[in-house]
Amino acid sequence: MTAADPRTVVTRYVEAVRDGDLPAVRDSFAPDATWTYPGDLPISGTHEGRTAILEDFLGAVGPLIRPGTTVIELTHAFADGDQVLAEWTSTATTVDGAAYANRCAGVFTVRDGRIAAVREYADTRHTADVLFPAHRR
């Protein structure tokens, strides 16, 4: 594997998120990257561009989480060409003291050593119940 190998790029991204390495997280994305998150939550939809991904998607969750409680573990990563299927667990405690624990999967497209697109799949009901309780139906 080389530094630009798609599986390595995605693994390094997840490790950067886990380690709180914001410059590495930012550098993981192509400027025109997209991230699509399912459901009808405030973070759902397709976030277009590195800034939107970092601020409107990932950044929208940060203030909901008690600092120092996030644990992210990459459990699987399978590559086929420029596509990587990654599975990870994400646990944290919210600022209100609720326990968040979700299994997530994402299909990452890597271009020129950077993440160009992500389609994430997660338990959006759990995300709504724990992170966005006011959004429940």
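A residue counts as buried when its relative accessible area is under 20%, as exposed when over 50%, and as partly exposed in between (1.4 Å probe, protein chains only). In α4, the buried residues are H126, T127, A128, V130 and L131. Helices (H or I, at least four residues) and strands (E, at least two) are DSSP runs, numbered from the N terminus.

This is a predicted model, in which local features need pLDDT of at least 70 and side-chain atom pairs count only at pLDDT 80 or more, while totals for chains, interfaces and linings use all residues. Residues are numbered from 1 along each chain as its sequence is written, and side-chain values use heavy atoms, with hydrogens and water left out.

Six strands form an open sheet with mixed pairing, in the order β2-β1-β6-β5-β4-β3. Because β2 (45-48) and β3 (71-80) stand at the edges with a single partner strand each, one side of each has no neighbour in the sheet. From one strand to the next, the twist averages 20°. Two strands pair if DSSP finds at least two bridges between them; β3 and β4 (residues 83-93) pair in the antiparallel sense over nine bridges. Within this pairing, Q83 in β4 is the bridge partner of D80.

Axes are lines fitted to C-alpha atoms, for helices over the stretch in contact, and angles run from 0 to 180 degrees between N-to-C directions.

| Helix | Strands touched | Angle |
|---|---|---|
| α3 (residues 50-61) | β1 (29-37), β2 and β6 (114-121) | about 45° with β1 |
| α4 (residues 124-131) | β1 and β5 (99-111) | about 125° with β5 |

The cover over the buried residues of α4 includes β1, α3 and β5.

How values were computed:
Contact means heavy atoms within 4.5 Å.
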